[in-house]
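Subject: Structure for you to look at

Hi,

Here is the structure I promised to pass on.

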Amino acid sequence: MNRLNGTLLRTSLRRRSFSTADNVDGNLQGSKVQIFDRHLKRKQRDRAAWLINRKDSLVNTVADNLLDRLEDVKKTFPTTLCLGGSLEAIRRSVRGRGAIQKLIMMDSSYDMVKLCKDAEKDLASDNIETSFMVGDEEYLPIQASSVDLVISCLGLHWTNDLPGAMIQSRLALKPDGLFLAAIFGGETLKELRIACTIAHMEREGGVSPRISPLAQVRDAGNLLTRAGFTLPGVDVDEYQVRYNSALELIEHLRAMGETNALVNRIKFLKKDTALATAAVYESMFAAEDGTIPATFQVIYMTGWREHESQQKAKRRGSATVSFQDIQKEFGAGETT
Amino acid sequence: MVRANRVVEISKTLSEILVCPLSKQPLRVCEKSNSLISDAIGVSFPIVDGIPCLVPKDGKIIEAEVSRDGDSANTKRRYHQDGTGGS
C-alpha cells in the first residue's frame, strides 16, 4: 500500500512540474497534491504538546545526534531558525553548540510553541535569545537570506510539498548557511505497517492507508539536490524501541504527534480490527521477553546554501593541462 | 495597561526577519488590533500572547480597506483622511 502511494505521489508530482497551462499559480507553493491533512496535523501536535514526554529517549537521541553535526563545522551560526517537529528537545539539547545567539522557534501548533515559551524559564541560561512564532513549513514566513542555520527535527516528513519546503528553507538561509534536517524514513514502523495490513485484510477484506508514505534514503539525496543545496550529505540511523505492548507504541506515537494524518484515511478504526492488529503485531514480532520492537529509521540531511568559498567541480572543458602530460609527469615509472 | 504591555512584546529579531508567508512581502505591526498586516495581499495575522501566528489559515482578509469601487474610491478616501485632497 505504501509503495503504491509512493509511486502515485511521485508520478503526480512529476506531472505537476511539467504542466504549466492548467496550473496558473505554479510557483513553489502551488502544490495541488494533498497527501497529508495539515490542519489535522496541527491539532495532533496541539494534543502532543499536552502529552509530551521530556524523557522520550528516541526524540532526545535524534535531537542530540542532529545537533552533534554542528560540532563538526568550524562555522558559527549566530541566527538560527528551528522548524517544527521535536522543537522542545532541540531547545534543550543545544547547549552552546554552533555558537547560536538568536534562536527562532517555529511550529505549526500554537500549543507546542507556547509550551516551549513557558519552558524557557526552566532552562539554565545559556545566553541564547529565543523568539517564538507559529508558522507553516510549507509557507515559511521568513525573509530571504536572513538566517545562518535552519534546523528541522522530525517535522518535514509531514509536509505535502517537501521539495517546496526545502527550497523555501534554502531561500531563508544566508549564503553559506546550513540546512540540517532529520526526517523519518521508509523503514519506520515497518512492523506496524505489516501488522495493520494483515489485520485489515483479515477483518475487513481490504486495506486502507494507516501509515504515511515516507521518503526513502535514496530520495533524500535527490531532494537536497533538487532543492538546490550544495555539498549535500545524507546518512541514516535505525533505532529499535521496545514497548510492553502494541498499545504503548500507539501512545508513544500520539505523544510525539506522529499519528495518521493522511487525507485519504478512513476516519474510524473498528475496535476488533485494532485488537487484531495488536495481536498480529505481538505474534509476529514480539521478542522472547515479551516486549515489542518498533523500528524507527531516521534520515539525516545536511546541505548548504551556495557560496563561492565552497569547493566545487570545475567547469567542463576548463582544463588547461592534458591528462597525458599528467601521466608523463607522475606515472612515468609505471607506464613505460 | 495590559494592552500596552502586549503590544511591544514582539521581539526585534522577529520583526526583522518575518515576512508574509504567502507573498513574502514585509509585514506591518498594527498596534490597535494587535496583529501583523500584510499590505501586499490585505491579510492580517494575529499576535497571540506575543507569539505571531503566521499560518495562512490563521490570517484574516481585511475587508474594510478594500473598497468595492476599485482604486479610485480608495485613493479618494485616503485623501480625505490626510486632509490633503479636495472634497
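**Enclosed space**

The largest cavity has a volume of about 210 Å³. A cavity here is a set of points on a 1 Å grid over the protein atoms alone where a 1.4 Å probe fits but cannot get out, and lining residues have an atom within 4 Å of a point. Grid points are joined across faces, edges and corners, and the volume is the space filled by probe spheres set on those points.

Before going further, please note that this is a predicted model, in which local features need pLDDT of at least 70 and side-chain atom pairs count only at pLDDT 80 or more, while totals for chains, interfaces and linings use all residues. Residues are numbered from 1 along each chain as its sequence is written, chains are lettered from A and ligands numbered from 1 in the order in which they are written, and side-chain values use heavy atoms, with hydrogens and water left out.

Back to that cavity: 18 residues line it, and Ile52(A), Val59(A), Ser86(A), Ala255(A) and Met256(A) lie nearest its centre. Helices H3 (57-68), H4 (87-93), H5 (110-119) and H9 of chain A each supply at least two residues of this lining, with H4(A) giving the most, four residues. Helices (H or I, at least four residues) and strands (E, at least two) are DSSP runs, numbered from the N terminus. By class, the lining has nine nonpolar, four polar and five charged residues; Ala, Val, Leu, Ile, Met, Phe, Trp, Tyr, Cys and Pro count as nonpolar, Asp, Glu, Lys and Arg as charged, and the others, Gly among them, as polar.

In total, the structure holds three cavities of 30 Å³ or more.

**The largest pocket**

A pocket, by contrast, is an open set with protein on both sides within 12 Å along at least five of seven lines. About 880 Å³ of space lies in the largest one. Of its 34 lining residues, Arg210(A), Ile250(A), Thr259(A), Asn260(A) and Leu269(A) are the closest to the centre. Helices H2 (38-51), H7 (190-204), H9 (246-256) and H10 (271-285) of chain A each give two or more residues to the lining, which divides into 20 nonpolar, eight polar and six charged residues.

**Where the chains meet**

The contact (heavy atoms within 4.5 Å) takes 22 residues from chain B and 25 from chain A. Together the chains bury about 1,900 Å², 60% of it on carbon and sulfur atoms; buried area is the accessible area (1.4 Å probe) that two parts lose on being put together, summed over both. In chain B, Thr13(B), Ile17(B) and Ile51(B) lose the most area to chain A, together 30% of what that side buries.

There are two salt bridges between the chains, meaning a side-chain nitrogen of Lys or Arg within 4 Å of a carboxyl oxygen of Asp or Glu. Asp49(B) forms a salt bridge with Lys114(A), with the closest N and O atoms 3.1 Å apart. On the side of chain B that touches chain A, helix H2 (12-17) and strand E4 (51-52) of chain B each supply at least two residues, and H2(B) provides the largest share, four residues.

Happy browsing!
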